[in-house]
Structures are given as C-alpha cells and as structure tokens.
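The sequence and the structure are shown first.

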Amino acid sequence: MEMNKKPWPLSTLYGIQERIDTNPDFQRPPVWTKAQKQYLIDTILRNMDIPKLYWHRTGRNPDKYAVVDGQQRLRAIWEFNAGHYMLPKDADPINGYDIAGKKYVELSDELRIHFDTYPLDVVIVSECEEDEVRDMFLRLQNGTPLKAQEKRNAMPGKMRDFIKSLTYHEFFRSFGFKDSRYTYDLIAAQCVLLEINGRPCNIKNADLNRMYESNQDFDTNGAIAKRAKRVFDYLGKMFAEKTPELTRFNVVSLYVLVSSLLDRFVIQNKHKEIASWFIDFERVRREDEVKEAESRDAELIVYHENISRSTDGEESLRKRHEVLIGRLFTAFPDWEQKDNQREFSSGQRIAIYRRDNGQCQLKLKCGGDKCSWDNWHADHKKPWSKGGKTTVENGQVACPACNISKNAQFV
Ligand SMILES: [Zn+2]
C-alpha cells in the first residue's frame, strides 16, 4: 500500500465529481445535515484545520478515486461551490466581510480566493486491494476490522487444518508482504477454492466461509489437496527468495496461471523462465501506469482496473488471468501440450489471436479479414494430422470460410 499526502487547493476539486466515487460499497450513505455542511464551510473560511481526506486511487489517465474517508466533506464543498446552499443567517463576519446568508458567488472576492486556495489535505492511497481499503475505512471510522479469516480459523474441521498447513509451505516465505491478521491463511484458502472450482471464481469471504463449512471432512490426501500442493511446490521453485512483486492479488493470479498449465503443458523445467517473465510483466505494467493516456497499452489498462477493485471477484480474476496467460504464450510460443493434443488451449488462442490481430492468415476465400473473437478458428499451419504441433508458433487465425476451404484441400 502506498500513501501520498498532498495539499489540494479547493478549486482543484471543482468539476471532477465524475472521477470521484463518493459512495464505494463500504461507505455509508450521505447523512450530513445542512447545519453540518455550513459549519464545515465556516471552518474553512475562518482558516481553521479540517481533518485529512483519504482517497483510494482506482484508475489512471484520467485519475479516478474512491473516497475512503471524507465523502461528506467533499459533497459539502462541491454543493457550496455550486450554490446549493448558503451560510447561516446568523454567521459572524470574517475580516470585516459579511457572510451571513451568502452563497459562494456572493462572498467577497477575498473570501472566495481564500476558499478556493484553502489547502485540503488529501491522502491518496494506491497499490492496494479492496480488503485493505475496507480495513482502513473501518479504522478511520473507529470501527473494528472484520477479521473474517480469524473467524474462519476458529471453525474446526479438516479444511481449516489443511489450509493452515499450506501456510507453512516455502512459497509463502517469498511473499513481498507480511502475514498480518492471517493474510496467508486467507490466500491459501482462496487458492484452494480456486483449485476446487478449476477456474476463476468468487473468492470473497462469504465464498470462503461456505467452503470451510461444507468441507469439514475434507480429504487432506485427496486429489484437490494433492493438486494444490503440486501448484505450491511449483510456485515455490519459481520464487526461491523474497520477491516484492508477489503482492496478494499477484499470488492468487499466479496460482491460477500455474494450475491451468500444469496438467496440460510440458513445463516441468520452466520455473525460472516463468518467474522472470512474470517479474518483467510487472515492470512493464508499472511503467505503463505512469505513461500518458494515449501511449498506454489498452490491455494493461484493463489489467490495472481489475487489480484496483474487487480483486476477489470472479470477473476480476478471469480478466487478469486472460491477460497473463495470453502474454505468457506470446512470450513462449513454442510451448507444447502434453501428448500434443489437437485442441489449442484458451491461453494459446488468446496469444494467437493477438499476434495475428484477429486477421485471417489463410486468405483462401477472404482478403485477410478481421475475425471477431467469437468467430474464428485456431488453425494448425502444419496440419496436426501431419505431425504439426499444437503450439502458438504453429497456430494461426483462420476465418471459418477459409478454414473449411483449407480442410477441403487436404481431403
Ligand atoms: Zn479467410
């Protein structure tokens, strides 16, 4: 989590309402009375301190934020600036200027300038996940963090014991973050749930609670348990030392990635290659985040959006996985499937489609038309029936018409 405090002159807040989400789902609805709003404006005009605001940055170029703390203050400022309410009729003058019953535009220029340039302390929180933001919100509200994983750890059963045992795996020693408040248990639980589902799925607290409840007799030597251990063994070999790139959402994504590869691809000696590819991906991704909007990589923008909110949701996990696996196969186009199966994997298909820009490479019946994602064939350049491999290298985009025509030639 990164935190960056800066004074924002109030005028920099005008007109950016549409980029600031004042009602993320952990926030309470706006409850300030007019009197409370007036009191805030009066405080600002008298040059007294108001508490810091906390915003979670959820997007770049343009910047987007979700308000962690301070939504009522922000609304009060916007509404006053827009002339939605006036100061109280009994307000005392400031520096000889009458402010009673006045709206923003009716204030003296000196007071308006003072208001517009009043520095509001805003703490921008970035590089963190929704759960952390939620915890921060609860702390700022003097509430108690939910400690959902602590509650699960108190639920007896074999699933709990199995997940606890996974947290002692060497892979967890490589994480770039600490095991505060059972975070490692949480991650192990999320990985096991992903393993049970066999694909990206919701791994939020409610889903994990259900898994603990319905698996109290979990077979710790069964197929799921063995697979989970195998994936962790592989990940442990990939990252043998502390790796700052291993953030919470990355660990879960890497689990999905390796789990999806292990059964289908020949990757038994590729630990170091995948690890350095991933570290490079993270570097490119972070560099892209600070670029100008027009020179940014569209796919990495999607990726960024999906690590900025609801990282434990199925859609976020799926979209991140598609980006990762597509890029992985683009980087390693020669990877072969076990037993050279005919069907291209979804990751290979993504890499082939992107490399060929979705355009038909056969050009037997068309002029190299662009195919939509749901209407193209992954064609083996050297036919599979003639020993052609099911690799990204040997794959190409074919439109349905050309594909049929090519198959007819070989009959
Ligand atoms: Zn074609």
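The radius of gyration is taken over C-alpha atoms, and the globule rule used for comparison is 2.2 Å times the number of residues to the power 0.38. For 411 residues, a compact globule would have a radius of gyration near 22 Å, whereas the protein chain has 27 Å. The model is a predicted one.

**Overall form**

The C-alpha trace of the protein chain spans about 95 × 60 × 35 Å along its principal axes. Its secondary structure consists of 15 helices and seven strands. Of the 411 residues, 32% count as buried. When contacts between residues at least 6 apart in sequence are considered, 69% of them join residues at least 24 apart.

**Domains**

The domain assignment divides the protein chain into domain 1 (2-140), domain 2 (148-331) and domain 3 (338-409). The centres of domain 2 and domain 3, taken over C-alpha atoms, are separated by 31 Å. Nine residues from domain 2 and nine residues from domain 3 take part in the contact. On the side of domain 2 that touches domain 3, five residues are nonpolar, two are polar and two are charged.

**Burial of helix H4**

Helix H4 covers residues 130-140, and its buried residues are Glu130, Asp131, Val133, Met136 and Phe137. The elements that cover the buried residues of H4 include strand E3 (53-59), strand E4 (64-69) and strand E5 (119-126).

**Helix packing**

Two packed helices are described by the angle between their axes and the distance between the axes. The table lists these values for two pairs.

| Helix pair | Angle between axes | Distance between axes |
|---|---|---|
| H1 (residues 34-45) and H2 (residues 71-81) | roughly 80° | within 9 Å |
| H7 (residues 183-197) and H8 (residues 205-214) | about 75° | 10 Å |

Angles of 65 to 115 degrees count as roughly perpendicular. H1 and H2 are therefore roughly perpendicular to each other. Their contact is made by Lys37, Leu40 and Ile41 of H1 together with Arg73, Ala76, Glu79 and Phe80 of H2. By class, the contact of H1 with H2 has four nonpolar, no polar and three charged residues.

With an angle of about 75° between H7 and H8, H7 is likewise roughly perpendicular to H8. Here Ala189, Gln190 and Leu193 in H7 meet Asp207, Leu208 and Met211 in H8. The contact of H7 with H8 comprises four nonpolar residues, one polar residue and one charged residue.

Key: Residues are numbered from 1 along each chain as its sequence is written. This is a predicted model: local features need pLDDT of at least 70, side-chain atom pairs count only at pLDDT 80 or more; totals for chains, interfaces and linings use all residues. Helices (H or I, at least four residues) and strands (E, at least two) are DSSP runs, numbered from the N terminus. A residue is buried if 20 or more other C-beta atoms lie within 10 Å of its own, exposed if 12 or fewer, and partly exposed in between; C-beta atoms are placed from the backbone. Two residues are in contact if their C-beta atoms, placed from the backbone, lie within 7 Å. Domain bounds come from an automatic or database domain assignment. Ala, Val, Leu, Ile, Met, Phe, Trp, Tyr, Cys and Pro count as nonpolar, Asp, Glu, Lys and Arg as charged, and the others, Gly among them, as polar. Axes are lines fitted to C-alpha atoms, for helices over the stretch in contact, and angles run from 0 to 180 degrees between N-to-C directions. Angles under 35 degrees count as roughly parallel, over 145 as roughly antiparallel, 65 to 115 as roughly perpendicular and the rest as oblique.
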